[in-house]
Amino acid sequence: MQEYVEERTIAISVKAAKLSGKVLAAACKKVFAEIAKQQEAAKRPRGRQSVRKLMNHHGGKSAMKYVGAPKDFDRIAKEFHVDYAFHKTGPGHYLLFFKADQADAIQAAFGKYTEKVMGRSQDRPSILGQLRQFVEQIAARPKQKEQVREAVKEER
């Protein structure tokens, strides 16, 4: 195993030695450009962020009114990979800022959000309500236990 590793190391070093200086410089330049591109992408925040950070992005921004808990929308917006920010205007009232070029994705996210909210408001009894009904039913049952004993007949 050790000999195999040494042979491969020597083969790689021989192949690298055959490269010209220009080819090696070009390869290093491409690698460094890719690393710089990844670092720049990592600096830009994604998803929910502050209004200030969102406004620093290039391109147009749009806003719309939002009523409800932002956390409910966060779960759905993650699926659509949109950049957005909330600005509180009152209790339970927000302005939702987003990039103008992501308007279609925001619209799709809102469609799914409204579907979720509308589905939640069906006439389903709450669990506590069901528990209260069960307690009332148990309390209404008769508490007398009739003990029935059968007579044991002795046969002789």
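Valine 67 has histidine 93, in strand 3, as its bridge partner, and this pair belongs to a model that is predicted. Strand 1 and strand 3 run antiparallel and are joined by 7 bridges. Strands of a sheet pair through backbone hydrogen bonds, either parallel or antiparallel.

**The sheet and its packing helix**

- The open sheet is formed by 3 strands in the order 1-3-2, and the pairing is antiparallel.
- Strand 1 (61-67) and strand 2 (84-90) are the edge strands, each of which pairs on one side only.
- On average, and with direction ignored, neighbouring strands of this sheet are turned by 25° against each other.
- Helix 4, which covers residues 70-80, packs on the sheet and touches strand 1, strand 2 and strand 3, while its direction makes about 165° with that of strand 2.

**Lysine 99**

- Lysine 99 is found in strand 3, and it counts as buried because its relative accessible area is 11%, under the 20% cut-off.
- Leaving aside neighbours within four places in sequence, lysine 99 is in contact with Arg46, Leu54, His57, Gly60, Lys61 and Asp83.

**Glutamine 102**

- Glutamine 102 is found in the loop between strand 3 (93-99) and helix 5 (103-120), and its relative accessibility of 16% is the reason why it counts as buried.
- With neighbours within four places in sequence left aside, the contacts of glutamine 102 are His81, Val82 and Asp83.
- Glutamine 102 and aspartate 83 lie 19 residues apart along the chain, and their C-alpha atoms are separated by 7.9 Å.

Notes:
Residues numbered from 1 in each chain as written. Predicted model: local features only at pLDDT ≥ 70, side-chain atom pairs only at ≥ 80, totals over all residues. Heavy atoms only, no water. Helix = DSSP H or I, 4+ residues; strand = E, 2+ residues; numbered from the N terminus. Buried < 20%, exposed > 50% of the residue type's maximum accessible area, 1.4 Å probe, protein only. Contact = heavy atoms within 4.5 Å. Pairing = 2+ DSSP bridges. Axes fitted to C-alpha atoms, helices over the stretch in contact; angles between N-to-C directions.
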